[in-house]
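Hello,

Here is the structure I promised to pass on, with some notes on what I found in it. Please open it alongside this email and follow along.

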Amino acid sequence: MTHLLPEMAEIWQETLNWQPTAQQQLQFQQLYELILEGNRQLNLTRITEPQEFWEKHLWDSLRGIAPQQQFLSSLQEGASVIDIGTGAGFPGIPVAIAAPNCKITLLDSTRKKITFLEKILTELALDNAKTLVGRVEEIGQQRQHRQSYDVALIRAVGTASACAEYALPLLKQGGLAVIYRGNWTEEETTDLENAVSQLGGVIEAIAQFATPLSKSIRHCLYLRKVATTPANFPRAVGIPTQKPL
Ligand code: SAM
């Protein structure tokens with residue numbers, strides 16, 4: 001079996017109006033190979049076929065930071081970004097590759113995954129990214145992290161209201177949270193609005209799109225922080241999922 005990622009230059013161009021440079025393509029390939037290797041010891045991802053990896057990990061990660069297909073429009077030069085519950089590094093590592101001028105923090109509660117990510121950052125020479133181990137409920141109450149980020153990314157970590165409770169305290173006022181989802185309904189929007197308003201945010205946009213190869217439906221929720229988040233959020237470890245807002 002070949003482990004060569006497809007280039008997909010045309011699809012990048014059509015969908016995000018962007019294409020990776022030769023160096024970025026090489027970094028995507030290195031990332032893919034390191035994850036396949038890491039998968040032998042750690043349960044990192046079920047997505048291992050080249051096309052699927054390209055679509056569900058690389059493309060999906062980067063589509064989230066392209067609201068209205070304006071790639072990187074949500075990331076200003078020098079923006080500080082946190083990827084909450086990054087797992088094997090998604091969406092944070094593709095974002096760090098695509099946006100070398102941003103500073104990315106990859107947060108996960110599992111030490112083993114973070115150790116693996118450190119190896120990836122070294123091998124890919126990604127000096128704009130660093131790792132952080134901990135539970136986001138605790139990190140969000142620490143002075144050096146609270147209200148410190150321009151953008152928070154969060155994919156496959158919990159319900160939307162839990163994700164909002166994790167992300168909004170970490171943002172500076174005016175900052176943006178991007179919650180990556182599969183399906184999404186109007187009813188869920190109403191519930192989420194209630195949670196988000198308690199956290200000092202508003203739902204700025206909800207993007208629905210299909211992935212370019214398998215045409216799977218995805219949604220990205222964009223939350224803007226418009227006021228200070230009350231000090232009691234995020235609540236203690238486990239509470240955001242057990243007693244959703
Ligand atoms: N974001 C990655 C992706 O989309 O491929 C990984 C998703 S994985 C299903 C969820 C990850 O979130 C796990 O690696 C887990 O350790 C981490 N996680 C879950 N709850 C967390 C919390 N409260 N604080 C920090 N990390 C958490």
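Let me begin at the surface: lysine 215 is exposed, with a relative accessible area of 56%. (Buried means under 20% relative accessible area, exposed over 50%, and partly exposed in between, with a 1.4 Å probe and protein chains only.) Lysine 215 sits in the loop between β6 and β7, and its phi is positive, about 55 degrees, although the residue is not a glycine. Helices (H or I, at least four residues) and strands (E, at least two) are DSSP runs, numbered from the N terminus.

Before going on, two points on the source. This is a predicted model, in which local features need pLDDT of at least 70 and side-chain atom pairs count only at pLDDT 80 or more, while totals for chains, interfaces and linings use all residues. Residues are numbered from 1 along each chain as its sequence is written, and side-chain values use heavy atoms, with hydrogens and water left out.

Alanine 156 also has a positive phi, about 60 degrees, without being a glycine. Alanine 156 belongs to the loop between β4 and α7, and it counts as exposed because its relative accessibility is 75%.

Now the sheet. It is open and has seven strands in the order β3-β2-β1-β4-β5-β7-β6, with mixed pairing. Two strands pair if DSSP finds at least two bridges between them. At the edges are β3 (129-133) and β6 (201-210), each of which pairs on one side only. On average, neighbouring strands of this sheet are turned by 20 degrees against each other, direction ignored. (Axes are lines fitted to C-alpha atoms, for helices over the stretch in contact, and angles run from 0 to 180 degrees between N-to-C directions.)

Two of the pairings are worth a look on screen. β1 and β2 run parallel and are joined by five bridges, with serine 80 opposite lysine 103 of β2. Strand β2 (residues 103-108) is largely enclosed by the rest of the structure, because five of its six residues are buried. In contrast to that parallel pair, β5 (residues 171-181) and β7 (residues 217-225) pair in the antiparallel sense over six bridges. Tyrosine 180 has cysteine 220 in β7 as its bridge partner.

Two helices go with the sheet. Helix α7 (residues 160-167) packs on it and touches β1 (80-84), β4 (149-155), β5 and β7, with a direction about 150 degrees from that of β5. Contact here means heavy atoms within 4.5 Å. Helix α8 (residues 186-198) lies across β6 and β7 and runs at about 145 degrees to β6.

Which residues come nearest to the ligand? Of the 15 around it, they are Gly85, Phe90, Asp108, Val136 and Arg155. (A residue is near a molecule or strand if one of its heavy atoms lies within 4 Å of it.) A nitrogen atom of the ligand is 2.7 Å from a backbone N or O atom of phenylalanine 90. A side-chain N or O atom of aspartate 108 lies 2.7 Å from a ligand oxygen atom, and a polar side-chain atom of lysine 113 is 3.0 Å from an oxygen atom of the ligand. Taken alone, the ligand exposes 600 Å², of which the protein buries 78%. Accessible areas come from the Shrake-Rupley method with a 1.4 Å probe; for residues, only the protein chains shown count as cover.

Phenylalanine 90 is also joined to proline 91 by a cis peptide bond, with omega about 5 degrees. Proline 91 is in the loop between β1 and α4 (92-98). A cis peptide bond also joins phenylalanine 233 and proline 234, with omega about -5 degrees, and proline 234 is placed in the loop between β7 and α9.

Arginine 235 is found in the loop between β7 and α9 (239-242). Its side chain makes a polar contact of 2.8 Å with that of glutamate 165. (A polar contact is a pair of N or O atoms within 3.5 Å; within protein, one must be able to donate a hydrogen and the other to accept it, and residues adjacent in sequence count only if both atoms are side-chain atoms.)

Finally, a buried residue in a loop: leucine 42 has a relative accessible area of 18% and lies between α2 and α3 (50-63). Leaving aside neighbours within four places in sequence, leucine 42 is in contact with Lys112 and Phe116.

Best wishes
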